[in-house]
Amino acid sequence: MTNMCVYVLNQDSAFDFYTNKLGFKVKMDVPMGANARWLTVTPPEQPELEITLFPVAVGRMFSEETVKTMTELISKGCFGPGIFSCTDIYATYEELKSKGVEFVKPPTKEFYGTEALFKDDSGNWFSLHQQ
Amino acid sequence: MNSTTEQYPKVYLYKRVVQAKLFIDSHYAENIELNNIADEAYFSKFHFIRLFKSIYGKTPHQYLTAVRIEKAIQLLKADQTVSEVCYAVGFESLSSFGSLFKRIVGVTPSAFLEEQKQMKIQMAKAPLMFVPGCFAYQHGWNENSNFEIVP
């Protein structure tokens, strides 16, 4: 996979979370008129994976009703867009926790490796995994 | 399947190395001595370097250099001049900054700055050139004549 999309409730806040807390790099930040921007980031060790931080906003794609539903579902933590692998989960966990990232599951040994779960600023949850 | 959330081994070591890494992240612009960082983590220099490298894959010095260059990239993207950036990220001479930047990024800081300027001009003129068509369509951006791609 080269591109994926994460729906976020506020692009400015998502920008801060993904760059300053997760340490991702900005790949594209293109102004698209007054109230929109094309914003993509990449994990620091995986520059070939471009993650679009796509705002949940009324437009051709989402009606007002859909925006309301999506906002509710994302906030409630209904979506888990992916798994991030790291080389040292305990160090990554300690660092993210010290930066205020909310973990819903601390590093836990599972049959497939060690895993923790954290939420982004919108409510999307991700798995942090170490083999 | 069983899962366990046992307190992981040597948690205090992790916390100290992570604190040292965060110290570099926030003090990269200063004249950081390795001994200061090791002191910050309460380790002997040798033990600290070994632990840091085993966690982050780089020695503290290599990591500090990587942070400085990454910050330099961000500042150049924000239109700061090469000399402003050089000193803002902790280098003491333009020549050492320039040669290190070129070795890591592949172009000189001034060439990088010029590339970024040109890209911003293009972005302002034809933003849809930088957005995959499927997303632009779904967002309705390609209906706005201001965003049309200039041939």
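Biologist: Which residues does A:Ile51 touch, leaving out those up to four places away in sequence?
Modeller: In this predicted model, A:Ile51 touches A:Met4, A:Val6, A:Phe24, A:Leu39, A:Thr40, A:Val41, A:Pro43 and A:Phe84. A:Ile51 is also one of the residues with the most contacts inside the largest nonpolar core, along with A:Tyr18, A:Leu53, A:Phe118 and B:Phe97. That core has 60 residues.

Biologist: What makes a set of residues a nonpolar core?
Modeller: The residues must be buried, belong to a nonpolar set such as Val, Leu or Phe, and be joined through side-chain atoms within 4.5 Å. The largest share of the 60-residue core, eight residues, comes from helix 1 (residues 11–27) of chain B. Apart from that core lies another, of 13 residues, including A:Trp38 and B:Val131.

Biologist: Why does A:Arg37 count as buried?
Modeller: Buried means under 20% relative accessible area, and A:Arg37 is at 18%, so A:Arg37 counts as buried. A:Arg37 lies in strand 3 of chain A.

Biologist: How do you know that the side chains of A:Arg37 and A:Asp12 are joined by a polar contact?
Modeller: The cut-off is 3.5 Å between N or O atoms, one able to donate a hydrogen and the other to accept it. The contact between the side chains of A:Arg37 and A:Asp12 is 2.7 Å, and the one between A:Arg37 and A:Asp29 is 2.9 Å, so both fall within 3.5 Å. Among the other residues in contact with A:Arg37 is B:Trp141, from chain B.

Key: Residues are numbered from 1 along each chain as its sequence is written. Chains are lettered from A and ligands numbered from 1 in the order in which they are written. This is a predicted model: local features need pLDDT of at least 70, side-chain atom pairs count only at pLDDT 80 or more; totals for chains, interfaces and linings use all residues. Side-chain values use heavy atoms; hydrogens and water are left out. Helices (H or I, at least four residues) and strands (E, at least two) are DSSP runs, numbered from the N terminus. Buried means under 20% relative accessible area, exposed over 50%, partly exposed in between (1.4 Å probe, protein chains only). Contact means heavy atoms within 4.5 Å.
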